[in-house]
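Please look over the sequence and the 3D structure below. A short report on some of the features follows.

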Amino acid sequence: MTSKSLCFKLMREDLKRRMWTIALTVLGFVFTLLVPVALRSSAYLDRVREGWELRERERLIRQLVGMVGINGLVIAFLLAVAVVWAMSGFRYLHNSRQVDFYHSVPVKRHQLFLASYLNGILVPMAIYLLAQVLSVALVLRTGIGSEVLGSTWWKMTLLNVVYYSMMYTTAVIAMMMTGNLIIALLGTVVFCGYGPGVVSLVMLYKSEWFHTYYETAQQIMAWKRAVNYSSPFANYMFAVADFSYDSLGAGRVAGAVFVTVALALLAYGLYRLRPSEAAGKAMAFKRTESPIKHLIALPVGVVFGMFFYGLRSTLTWTVFGVLCGVALTCCIMEIIYHFDFRKLFANWVHLAACFAISLLLVLAGMYDWYGYDSWLPDAGSVKSAAVVFRYDDDWVTYGDVRIGTDALGREMASWDYLSQDEYGLSHMELSDLYTVMELGKKGVEADKKSRSEGDTQRWTYGENCVVEYRLNSGKSAYRQYRIPYDDLKPLKTAIHDSREYKKGLYPILEQTGSDTERVFVQQYNQKKETGLKGEDMAHLLAVYQKELEELTMAEREKELPVGTIQFRTRSLEEGIALNEENRYGYNLEDRCYYPIYPSFVRTIEDLEKAGVTFAKLDGTTVTDVRIRYYWDPEKIAEDSGQAADGSVVLAETWDKDSEEGWSAIYDDEKDLERLIPALVFLDYRNMNCYYEMEMPANAETYVTVNFDISSDYQDRGKGSGGFGINMKLLSSEDAVRFKLAAQEEP
């Protein structure tokens, strides 16, 4: 009891010398929490009296809930307060006179430690809790119910209290290990940033030097976990992020409490071991100087080497960068350790060792001494494989509908995205291993060639593809290759034309008739429902899947889609209905459309039987073609060195004052006969990256048609009109952007 009473007395005495810290904390929470909440609450009440739209109300409610929940300003202030309280509580350790005084007091050292340590947690957290409760009261006073406010505010309060304690304890450890306030502040920064920095450097090292390195979703998550647990600060930030996605469990908070207790015991152990004569010195423990210097100098040397390699891509500048990074770090730290500029090279042996190790690490990556990029598995050890040609068919929609809630607690539907790589690598299983192995060999050869050429063109060298080798051992190896198109073309064609590849690329090939609710067809601006039900809809799906599987590269090189089709799943239909019911603006209707090619004869026949017709752009349907040029064709001709005689962007017919601002309008039968074959609907071109064509720049094209382009689904209307379209060059011999036959002079 006497010991407890003495501890409380010591805490009161400690607070007397830290009144300025208390005042700073109070003012900080008033202006980062209470005042903003009061201002926003007042604005909310004013808007209630004036009347508002539903969206405005939702926005203000989200702001108020966020202020007492995940408030970035409050979190930033908590981080600053943690450092201030740690340094104000143990600053006497950095003054030799104060150390002598405190240690001469007839009080046990653990009581001195506890008095300052506990004050640094209890007092600021009591102020924070009071400010948070008052803020919640202000929010509830506006009439926003507690059911809308929910439990976010008190859960976030608990999270902030736990992680404040962890950050505060980390700053206390920095105070114990140093003898100067400035050095202690630098030490706190190192404790918070060193772990995430090193983990990030490892990932940067791999992405920079391992040219064929590919990060899977699992590896990215592993990297995030490594960053997460690499420092208290990173763990705090990830905890806040997880909390915002409702994925923060009680175990995570309990783990943070355990780590805080462990750090507190470490801080106390350092306090007991800390010599009194450490006050005023840079480091309290001499033995820590060399390890800390090496741990900082090595990654800095690697970073500098990579930075200078990025500037010049030569060995000389790389070595210079490593030397600069290591020398600067070691010399600065020697000055800090000794508080003497004359000690720049006090320990040149350490400098040389750090330089040699850092340089070896950089050179190992530069010249692939690890053998990572030249590695290929034995063909006999590969069970199956998957290949994703990145950025090809990137129009495909991956993922599914996700149901969540908005600020008012209403259900809403959004789209939970999945990347092309994730889907393809997890759903594709290629059995043609010979072609895949040949592709890998081409990738290794291309990488060796790019290295021999100085690696300056690596990011524009060929096409990008990702390969997963599934080994007989059950493990998978991933590589990312850049291969010149001429070398890749025959291999890419063989892989593309296989059914296994398409099943791993198009989610629709796994869809079943029982999971299909409705079918929509879209051509140009026209979107209409087929009206098919039951077996007829399932039959159409099976026919389309069959023809999509049979689609070849050669066919795609010669033709563009004539329309698109959507087999709407049950989950998509439910999400659309939910958003329509709640008037939620997230667009789900236009997802999961697939192209209909002219070669899909059976699909087109079934759609025509269902009453769907596909219009063609020809002399009977096109009324006129209008073109607007953003730059003067005469100027284009002058810059390109071509004569403005009709071979450059219709120079002879260009008219600034033509009808409705269009530069040229063509409605003559001969002109239309020349122009119509060049008309290309860009949406269809974007769905077929293998269709080769040149398109003009700085021009806008519009076509007027005499067939129905309205949408029963969107506007329930009928009528003809026009739509924006694009044009391709009329022949491969054209040397400039846009070559058309000139209109004859009247």
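## A three-stranded sheet

An open sheet has 3 strands in the order β1-β4-β5, with antiparallel pairing. Two strands count as paired if DSSP finds at least two bridges between them. Helices (H or I, at least four residues) and strands (E, at least two) are DSSP runs, numbered from the N terminus. At the edges are β1 (382–389) and β5 (476–483), and each pairs on one side only. Neighbouring strands are turned by 20° against each other on average, direction ignored. Axes here are lines fitted to C-alpha atoms, for helices over the stretch in contact, and angles run from 0 to 180 degrees between N-to-C directions.

Strand β4 (residues 463–471) pairs with β5 over 8 bridges, in the antiparallel sense. Arg470 has Ser476 in β5 as its bridge partner. Helix α18 (residues 485–496) packs on the sheet and touches β1, β4 and β5. Contact means heavy atoms within 4.5 Å. The direction of α18 makes about 115° with that of β1.

The model is predicted: local features need pLDDT of at least 70, side-chain atom pairs count only at pLDDT 80 or more, and totals for chains, interfaces and linings use all residues. Residues are numbered from 1 along each chain as its sequence is written, and side-chain values use heavy atoms, with hydrogens and water left out.

Side chains of opposite charge can pair when their charged atoms come close. A search of the whole structure finds 25 salt bridges. Each is a side-chain nitrogen of Lys or Arg within 4 Å of a carboxyl oxygen of Asp or Glu.

Asp392 forms a salt bridge with Lys492, and their closest N and O atoms are 2.5 Å apart. This pair links distant parts of the chain, 100 residues apart. Asp392 lies in the loop between β1 and β2 (399–405), while Lys492 lies in helix α18.

## A four-stranded sheet

Another open sheet has 4 strands in the order β7-β6-β8-β9, again with antiparallel pairing. Which strands stand at the edges? They are β7 (526–529) and β9 (593–596). Each has a single partner strand, so one side of each is left without a neighbour in the sheet. The twist averages 25° from one strand to the next.

Strand β6 (residues 516–523) and β7 pair in the antiparallel sense over 4 bridges. The bridge partner of Val521 in β7 is Lys528.
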